[in-house]
Amino acid sequence: MACNSCGCTSLVSLDVGGSNLHCSECEKLVSSPAIHLQLAIFISHPEFKEWKIRVELLQATIQQLLPITASNLDEGFDVHLILNKNIMLKSCYVADIAGGDTMKLEEVDAFADIPENSICRYD
């Protein structure tokens with residue numbers, strides 16, 4: 001869960017039941033926490049056969065792959081929901097190249113600015 005004001009995930013419970021939350025970043029009382037999911041996937045590409053390609057997905061893409069319901073928020077998601085599933089990534093940038101065989105990509109909003117320190121853009 002994340003603060004509905006600033007998006008920070010550092011929430012502190014103010015009571016035993018955890019119904020009152022406080023954001024440690026913006027110092028506001030969190031009335032309705034936002035759901036914040038993180039998911040990284042590994043993909044293959046015929047031009048990069050020797051590479052391990054890890055892609056960190058945007059919240060919108062994650063929610064398309066894993067529809068949020070009350071039950072899966074408590075119980076988690078079944079990995080079979082995403083195994084061997086084809087997805088269309090809009091835009092990614094190379095965030096890191098580690099050890100010569102692992103490439104980390106981050107999905108970005110097509111209308112957002114690509115960070116200045118990115119290596120290249122692949123659409």
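Guide: A salt bridge is a side-chain nitrogen of Lys or Arg within 4 Å of a carboxyl oxygen of Asp or Glu. In this structure, the side chains of glutamate 56 and lysine 104 meet in such a bridge, at 3.5 Å from N to O. The model is a predicted one, in which local features need pLDDT of at least 70 and side-chain atom pairs count only at pLDDT 80 or more, while totals for chains, interfaces and linings use all residues. Residues are numbered from 1 along each chain as its sequence is written, and side-chain values use heavy atoms, with hydrogens and water left out.

Visitor: Where do glutamate 56 and lysine 104 sit in the chain?

Guide: Glutamate 56 is in strand β5 and lysine 104 is in strand β7, 48 residues apart, so the pair links distant parts of the chain. Helices (H or I, at least four residues) and strands (E, at least two) are DSSP runs, numbered from the N terminus.

Visitor: How many salt bridges does the structure hold?

Guide: The structure holds three salt bridges. Arginine 54 forms one with glutamate 56, and their closest N and O atoms are 2.9 Å apart. Glutamate 106 meets lysine 104 in another, at 3.5 Å from N to O. Through shared partners, Arg54, Glu56, Lys104 and Glu106 are joined into one network.

Visitor: Why can such side chains pair?

Guide: Side chains of opposite charge can pair when their charged atoms come close.

Visitor: Is arginine 54 buried, exposed or partly exposed, and what do those words mean?

Guide: Buried means under 20% relative accessible area, exposed over 50%, and partly exposed in between (1.4 Å probe, protein chains only). Arginine 54 counts as partly exposed because its relative accessible area is 30%. Glutamate 56, at 25%, is partly exposed, and lysine 104 is partly exposed at 24%. Glutamate 106 is partly exposed too, with 22%.

Visitor: Which way do the side chains of β5 point?

Guide: They alternate along residues 52-56.

Visitor: Which strands are joined to β5?

Guide: Strand β4 (residues 40-43) is joined to β5 by four bridges, and the two run antiparallel. Two strands pair if DSSP finds at least two bridges between them. Alanine 40 stands opposite glutamate 56. Strand β7 (residues 102-108) is joined to β5 by five bridges and runs parallel to it. There, leucine 105 is the bridge partner of valine 55.

Visitor: What does leucine 105 touch?

Guide: Leaving out residues up to four places away in sequence, leucine 105 touches Ile53, Arg54, Val55, Glu56, Cys92, Tyr93, Val94 and Ala95. A contact means heavy atoms within 4.5 Å.

Visitor: Which residues have the most contacts inside the largest nonpolar core?

Guide: They are Leu39, Val55, Leu57, Ile62 and Leu105, in a core of 13 residues. The elements that give two or more residues to this core are β5, α1 (59-65), β6 (91-98) and β7. Apart from it lies another core of five residues, among them Cys3, Cys8, Leu21 and Val30. A nonpolar core is a set of buried Ala, Val, Leu, Ile, Met, Phe, Trp, Tyr and Cys residues joined through side-chain atoms within 4.5 Å.

Visitor: Changing topic, in what order do β1, β2 and β3 stand?

Guide: They form an open sheet in the order β1-β2-β3, with antiparallel pairing. The edge strands are β1 (11-13) and β3 (29-30), each of which pairs on one side only. Three bridges join β1 to β2 (residues 21-23), and valine 12 stands opposite histidine 22 in β2.

Visitor: What about the loop between β2 and β3? Which residue is found there?

Guide: Glutamate 27 is found in that loop. Its phi is near 65 degrees, a positive value in a residue other than glycine. Glutamate 27 counts as exposed because its relative accessibility is 53%.
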